[in-house]
Amino acid sequence: QVQLVESGGDLVPPGGSLRLSCAASGSIFKIYTMGWHRQGPGKVRELVAVTTSDGDTNYADSVKGRFSISRDNAKNMVYLQMNSLKPEDTDIYYCSGDIRQNASPAFRRYWGQGTQVTVSS
């Protein structure tokens with residue numbers, strides 16, 4: 001069994017910063033990509049940022065220059081540093097991991113339960 005647990009969501013004013021964390025645990029053999037996605041009510045879940053085990057990163061155009069994704073492979077953790085936050089960044093943020101479990105030949109995508117980020121004055 002594999003679990004991803006996010007933390008760090010909060011209410012912040014426009015222009016503020018937040019750091020989200022996500023910890024993966026369980027019977028993990030290898031994690032390939034880890035990422036952050038967001039989704040609001042009635043909206044499609046969208047990719048915010050993703051990083052591979054080799055350190056390659058990719059960002060949504062809307063967050064480039066403001067958000068930064070990083071990971072600690074030894075701890076099976078991924079982080080999202082969010083700066084210059086805007087009201088339109090308000091959403092539920094979900095962590096994802098493409099994970100191969102012990103004794104399994106295939107990778108599968110796992111999701112966290114989500115953490116609420118609200119940007120408002």
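## Strand β9 and its partners

In this predicted model, strands β4 and β9 run antiparallel and are joined by nine bridges. Within β9, Tyr94 is the residue that stands opposite His37.

The hairpin of β9 and β10 has five residues between the strands, and in it Ala103 takes a positive phi near 65 degrees. A further antiparallel pairing, over three bridges, links β9 to β11, and in that pairing Tyr93 has Thr115 of β11 as its bridge partner.

## The disulfide

The structure holds one disulfide, formed by Cys22 and Cys95, whose sulfur atoms lie 2.1 Å apart. Because Cys22 belongs to strand β3 and Cys95 to strand β9, the pair ties together parts that are 73 residues apart in sequence. The torsion about the S-S bond of Cys22 and Cys95 is about -80 degrees, and the disulfide is therefore left-handed. Both Cys22 and Cys95 are buried.

## The nonpolar core

The largest nonpolar core comprises 28 residues, of which Trp36, Leu80, Met82 and Tyr93 touch the most other members. Two or more residues of this core come from each of the elements β1 (2–7), β3 (18–26), β4 (28–39), β5 (46–51), β7 (67–72), β8 (77–82), β9 (91–101) and β11 (115–119).

## Two threonines of β11

Thr115 is found in strand β11 and, at 11% relative accessibility, falls under the 20% limit and so counts as buried. Its side chain reaches the backbone nitrogen of Gly9 at 3.1 Å. Leaving out residues up to four places away in sequence, Thr115 touches Glu6, Ser7, Gly8 and Gly9, together with Leu20, Asp91, Ile92 and Tyr93.

Thr118 is likewise found in strand β11, but its relative accessible area of 25% makes this residue partly exposed. The side chain of Thr118 makes a polar contact, at 3.3 Å, with the side chain of Gln116. Apart from neighbours within four places in sequence, the residues in contact with Thr118 are Asp10, Leu11, Val12 and Thr90. Thr118 and Leu85, which are 33 residues apart in sequence, are separated by 9.4 Å from C-alpha to C-alpha.

## Positive phi in the loops

Most residues other than glycine have a negative phi. Against that background, Asn76 has a phi near 55 degrees, a positive value in a residue other than glycine, and its place is in the loop between β7 and β8. With 24% relative accessibility, Asn76 counts as partly exposed.

Ser84, which is not a glycine either, has a positive phi of about 50 degrees and is placed in the loop between β8 and β9. At 41% relative accessibility, Ser84 counts as partly exposed.

## The chain as a whole

The chain contains 11 strands and zero helices, so that, by the assignment of strands, reading along the sequence gives the pattern β-β-β-β-β-β-β-β-β-β-β. Among the contacts between residues at least 6 apart in sequence, 57% join residues at least 24 apart.

Along its principal axes, the C-alpha trace spans about 50 × 25 × 25 Å. For 121 residues, a compact globule would have a radius of gyration near 14 Å, and the 14 Å of this chain agrees with that expectation. Of the 121 residues, 42% count as buried.

Technical notes. Residues numbered from 1 in each chain as written. Predicted model: local features only at pLDDT ≥ 70, side-chain atom pairs only at ≥ 80, totals over all residues. Heavy atoms only, no water. Core = buried A, V, L, I, M, F, W, Y, C linked by side-chain atoms within 4.5 Å. Buried < 20%, exposed > 50% of the residue type's maximum accessible area, 1.4 Å probe, protein only. Helix = DSSP H or I, 4+ residues; strand = E, 2+ residues; numbered from the N terminus. Pairing = 2+ DSSP bridges. Polar contact = N/O pair within 3.5 Å; in protein donor to acceptor, adjacent residues only side chain to side chain. Contact = heavy atoms within 4.5 Å. Disulfide = S-S within 2.5 Å. Rg over C-alpha atoms; globule rule 2.2 N^0.38 Å.
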